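Okay, everyone, thanks for coming.

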Amino acid sequence: MKAFSALVAREVRLAWTGGGLWLPIVFYLAVATLFPFITGPDKALLARTGGGILWIAALLATLLPIERLILPDRQSGVLDQLALRGWSDELVATAKIAGQIIAFAVPLLLATVVGSALIGLPEAQLGILLLGLALALPALSGLSVMIAALTAGLSGASALGGLLLVPLTIPLLIFGAGTLAEDPRNAMQLLAATSLAITALSPFAAGAALRAGRI
Amino acid sequence: MASRQASSPSLSAENIAVIRGNRLVLRGLTVAARPGDIIWIRGANGCGKSTLLRLVAGLLSATSGILKAEGRIALADESLALDANLPLEQALQFWADMDGASAAQRSAALTDMDLQDLAHIPVRFLSTGQRKRASIARVLASKADIWLLDEPYNGLDTTSCARLDQAIIAHAASRGIVLVAAHQPPSINVAHSLVLGNQGVAA
């Protein structure tokens, strides 16, 4: 357990020293800043569509750290060293996902408060949006580690990562957008269920990809 | 995760064959090591020395044959596995923590490889030879029973080679097992040498 938390702490440190913290956040807030320029200062329109835009921005921000999640550790031999110490690939993937949740998901939630102010979301919607994103972000973290493991070392990994992520996040996006409707309860439950399933499966998919990538 | 602790380490491989990428890299390989053995694995480039070490480390699985390794294993190959932005000392401490080794053991490993003056230098600034010594220091600090060293003498100057020899001899004296893959002959007495011929046949 101590070793596991050391690995999670390493993930967080690598993310925060390697641009993994501010890059997705700046991207996320840039989308929130740019969106009103497109729609114009129409308060009703912004309130209706702004939540959805932040959802899409969060999904796309998930893609940004993918290249540094697995590949550097594979190249530097860190993954080999963990494997030879008896770590299962699934456990390594779980540590990486936990690290992503701390290093990426939590700051993104904080940035959502700023982003929703930039767009001018009604306060009632901010609570729903935060809750929905908080439910979905573990799944997004899991997907980013899984896709990073699948595409590590391939040429054009980031473009391929985008292609892989988009279809996999469709359920999250549909239910996430559903929570912004009149009655968010059903959509919120479905979002929680989908997110739980994706979060629970992603360490196994990522672990299998790590194992297959070991040469 | 660092819980595999054997009373005395041992290593045995029987009739191992490995196929990688449709190519037979090793075949008919048999090797046995007892506590205190230093085994020199030699052979031309591409004869399967690194494959053998990765196999023993459990990073590859044999296509056929039986491999048994008792005891904790440490591997130093061409990948350094130290975080480039961290000072050397902290980067080594990460693995020392993973292995349950103390800060004193980590410092001793740094001193053994004459790296104590570089302890606060970020790993990315180290030279080739210094990086090699750092990866050996990682093995030294790991408290492992079985050392797998892949070309450990590459890039080392004469003094550092002597330090490495001393470390290997000391490890063998404390009933550890050392497998050294090198194309040059080591300057120390080895228990036996394992020659890998063409296609990994143990000659």
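Predicted model: local features only at pLDDT ≥ 70, side-chain atom pairs only at ≥ 80, totals over all residues.

Residues are numbered from 1 along each chain as its sequence is written, and chains are lettered from A and ligands numbered from 1 in the order in which they are written.

So, chain A. It has 10 helices and 0 strands; helices here are DSSP runs of H or I with at least four residues, strands are E runs of at least two, and both are numbered from the N terminus. Its radius of gyration is 18 Å, close to the 17 Å that the globule rule gives for 215 residues, so chain A is as compact as a globular protein of that length. That radius is taken over C-alpha atoms, and the rule is 2.2 Å times the number of residues to the power 0.38. Along the principal axes, the C-alpha atoms of chain A fill a box of roughly 60 × 30 × 30 Å. Buried residues are 45% of the 215. By buried I mean 20 or more other C-beta atoms within 10 Å of the residue's own; 12 or fewer is exposed, in between is partly exposed, and the C-beta atoms are placed from the backbone.

Now chain B, with 5 helices and 8 strands. From the N terminus, the order is β-β-β-α-β-β-α-α-α-β-α-β-β. The radius of gyration is 17 Å, close to the 17 Å from the globule rule for 203 residues, so chain B too is as compact as a globular protein of that length. The box here is roughly 45 × 35 × 35 Å along the principal axes, and 44% of the 203 residues are buried.

How do the chains meet? The contact takes 15 residues from chain A and 17 from chain B, with contact meaning C-beta atoms, placed from the backbone, within 7 Å. On the chain A side, α1 (2-17) and α6 (78-84) each supply at least two residues, and the largest share, 5 residues, comes from α6(A).

Next, have a look at β6 of chain B, residues 146-150, where 5 of 5 residues are buried. Which residues sit on which side? B:Ile146, B:Leu148 and B:Asp150 are on one face, B:Trp147 and B:Leu149 on the other, and all are buried. β6(B) pairs in the parallel sense with β5(B) over 4 bridges and with β7(B), also parallel, over 5 bridges; strands pair if DSSP finds at least two bridges between them. On the β7 side, B:Asp150 stands opposite B:Ala181. From β6(B) the chain crosses through α5(B) to β7(B), and that β-α-β crossover is right-handed, that is, clockwise from the first strand over the helix to the second with the strands pointing away from the viewer.

Last stop, the loops. Most residues other than glycine have a negative phi. B:Ala81 has a positive one, about 60 degrees, in the loop between β5 (73-76) and α2 (88-98). B:Ala81 is buried, with 22 other C-beta atoms within 10 Å. B:Arg175 also has a positive phi, near 65 degrees, in the loop between α5 (158-173) and β7 (177-181). B:Arg175 is partly exposed, with 15 other C-beta atoms within 10 Å.

Definitions and conventions
Contact = placed C-beta atoms within 7 Å.
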